[in-house]
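Subject: Structure for you to look at

Hello,

Here is the structure I promised. Please open it alongside this note; my findings follow below.

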Amino acid sequence: MKMPCYLVRDLLPLYHDGVCGKETAADVREHLDGCESCRAALNALDGDTGAEGQLRAEREQASADALRKVRSDLRRKRLLPALLVGLAAVALVIGLVLGFRNYARGVQLTIAPEDIASVTLTEDNALHVTMQDGKSWTAFNASYRTLRVDGQEKEIVLFTMYVDLWSSLFQDGWTDGEEAMLFNDLLDETEAVCYVRWDEWDQVSAATKTEGEGADARDVIDGDAVSGLLHTMWER
Ligand SMILES: [Zn+2]
């Protein structure tokens, strides 16, 4: 049976969904074989379904995204206070370190021997200096060195130094005759006591060479290479 286009168009949704009778379907198929515009109408039905499916998928994706965003917002709100506390702690540590270092750099270290209350040279070469006013310093790597400048040599005691912020704040000074004697002995053998900032100690070490052997060995510092790095605390 030859079907007119308007009838086929009415039947197309049923045909598309596969719910029309076998014979009707055969007639529709026959018509479609010979009619381009009805074929296009059928394709349009397919396309609509495709677009609907895509729309549904997009809607599902959108709601899943929204759910995920709500979850991550909640997580962020919970994390934020912890993050702020962490940042504050880091800032505090950095502030303390910088503050400490700046304090150490800013200290006036030109001292007179009579202002020194006591000095201890420990086994691990740390030097503790306490002043009459109670302030104290700790010096590291204290050792005898020879400083050579323009061919002239000078015996010095050299150490890295930092100001004990705790001690300088609370002035827990101590005195001991024996320790003071040690410092006096130390000064008797040397012409100067110098300190090196601990962040510049490597530069001074690099400019130091060992000369001689055995008991005669001594560490000689190239004074020209370290000019400006040695800060004189005391000089004869
Ligand atoms: Zn047709």
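A residue counts as buried if 20 or more other C-beta atoms lie within 10 Å of its own, as exposed if there are 12 or fewer, and as partly exposed in between. Please keep in mind that this is a predicted model.

That cut-off settles Leu42. It has 18 other C-beta atoms within 10 Å, so Leu42 is partly exposed. Leu42 sits in helix H3, which covers residues 36-106. Leaving out residues up to four places away in sequence, Leu42 touches Leu12, His16 and Leu32. Leu42 and Leu12 are 30 residues apart in sequence, yet their C-alpha atoms are 6.5 Å apart in space.

Now the partner, Leu12. This residue belongs to helix H1. Leu12 has 20 C-beta neighbours inside 10 Å and therefore counts as buried. Beyond its neighbours within four places in sequence, Leu12 is in contact with Ala41, Leu42 and Leu45. For Leu12 and Leu45, 33 residues apart along the chain, the C-alpha separation is 8.4 Å.

Next, H1 itself. The helix runs over residues 5-17, 13 residues in total. From first C-alpha to last, H1 reaches 19 Å, close to the 18 Å expected. H1 also has a kink of about 45° at Leu11, shortly before the proline Pro13. Val8, Leu12 and Tyr15 are buried in this helix. After H1 comes Gly18, with a positive phi near 70°.

How does H1 pack against H2? The angle between H1 and helix H2 (residues 22-34) is about 120°, and their axes are 11 Å apart. That angle is why H1 is oblique to H2. The crossing of H1 past H2 is left-handed. On the H1 side, the residues that meet H2 are Val8, Leu11 and Tyr15. On the H2 side they are Thr24, Ala25, Val28 and His31.

Most residues other than glycine have a negative phi. Asp150 is not a glycine, but its phi is positive, about 55°. Where is Asp150 found? It is in the loop between strand E3 (136-149) and strand E4 (152-163). Is Asp150 buried or exposed? Asp150 has 6 C-beta neighbours inside 10 Å, so it counts as exposed.

Best wishes

Technical notes:
Residues are numbered from 1 along each chain as its sequence is written. This is a predicted model: local features need pLDDT of at least 70, side-chain atom pairs count only at pLDDT 80 or more; totals for chains, interfaces and linings use all residues. Helices (H or I, at least four residues) and strands (E, at least two) are DSSP runs, numbered from the N terminus. The expected span of a helix is 1.5 Å times one less than its number of residues. The bend at a residue is the angle between axes fitted to the seven residues ending there and the seven starting there. Axes are lines fitted to C-alpha atoms, for helices over the stretch in contact, and angles run from 0 to 180 degrees between N-to-C directions. Angles under 35 degrees count as roughly parallel, over 145 as roughly antiparallel, 65 to 115 as roughly perpendicular and the rest as oblique. A crossing is left-handed if the near helix is turned anticlockwise from the far one by less than a right angle, and right-handed if clockwise. Two residues are in contact if their C-beta atoms, placed from the backbone, lie within 7 Å.
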